Amino acid sequence: MNFKMLVVLLGVAAVPVCVQAQAPNRPKAAKPTKAAPAAPVTTVAAAVKTISGDKVKIQTYCDIGKLGSQIEDAEQKKDMNKIDELNKKMAEMATKLGPQYAALLTRLEEVDPDSQEALEIGSAFETLDKLCAK
């Protein structure tokens, strides 16, 4: 799965995950700056470690990737009902991958796809994608 497509697919799933992950009384976080990125490499590493250390989470991550492929097919057919259905499933599944994953999804919405951080996040997802191939 290429990084740009991953950003689009996970961005769709991120909104419900992020809303659920935020406490209602918690103040909103400040926008990230170059001096203080929102998702440092440790968050990426924590998400990968959390998912890769749990067979159920690995399977969930892999199933999300399969849904992403189905969404691409539905987009080509312009089947909006199917896209909505699959996006809901993806969002439900994404909540099972933990708060680090939710934070990573939030960060994906803000990261420049051509940045070093994007490469690091993409590399982390490639590590997880290799687990799906097994």
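Residues are numbered from 1 along each chain as its sequence is written, and side-chain values use heavy atoms, with hydrogens and water left out. Because the model is predicted, local features need pLDDT of at least 70 and side-chain atom pairs count only at pLDDT 80 or more, whereas totals for chains, interfaces and linings use all residues.

The protein contains six helices and zero strands, where helices (H or I, at least four residues) and strands (E, at least two) are DSSP runs numbered from the N terminus. Read from the N terminus on, the order of elements is α-α-α-α-α-α. Of the 134 residues, 39% count as buried; here buried means under 20% relative accessible area, exposed over 50% and partly exposed in between, for a 1.4 Å probe and protein chains only. Among contacts (heavy atoms within 4.5 Å) between residues at least 6 apart in sequence, 74% join residues at least 24 apart.

The structure holds one disulfide, a term used for a pair of cysteine sulfur atoms within 2.5 Å. The bond is formed by cysteine 62 and cysteine 132, whose sulfur atoms are 2.0 Å apart, and the torsion about their S-S bond is about -100 degrees, so the disulfide is left-handed. Cysteine 62 is buried at a relative accessible area of 10%, while cysteine 132, at 29%, counts as partly exposed.

The two helices joined in this way also pack against each other, with an angle of about 100 degrees between α3 and α6 and their axes 9 Å apart; the axes are lines fitted to C-alpha atoms, for helices over the stretch in contact, and angles run from 0 to 180 degrees between N-to-C directions. This arrangement makes α3 roughly perpendicular to α6, on a scale where angles under 35 degrees count as roughly parallel, over 145 as roughly antiparallel, 65 to 115 as roughly perpendicular and the rest as oblique. On the α3 side, Ile58, Tyr61 and Cys62 meet Phe125, Leu128, Asp129, Leu131 and Cys132 of α6.

Helix α6 has 17 residues and reaches 25 Å from its first C-alpha to its last, close to the expected 24 Å, the expected span being 1.5 Å times one less than the number of residues. Its buried residues are Glu117, Ala118, Ile121, Gly122, Ala124, Phe125 and Leu128. Seen down the axis of α6, these fall within an arc of 155 degrees, so they line one face of the helix; the arc is that of the directions from the helix axis to the C-beta atoms. Gln116, Leu119 and Lys130 are exposed on the other side of α6.

Helix α4 (residues 80–94), with 15 residues, reaches 21 Å between its first and last C-alpha, close to the 21 Å expected. Ile83, Leu86, Asn87, Met90, Ala91, Met93 and Ala94 are buried in α4, and they fall within an arc of 160 degrees seen down the axis, so they line one face of the helix. The face turned away from this buried side carries the exposed residues Asn81, Lys88 and Glu92.

Threonine 60, placed in helix α3, is buried with a relative accessible area of 11%. When its neighbours within four places in sequence are left aside, threonine 60 is in contact with Met93, Lys96 and Leu97.
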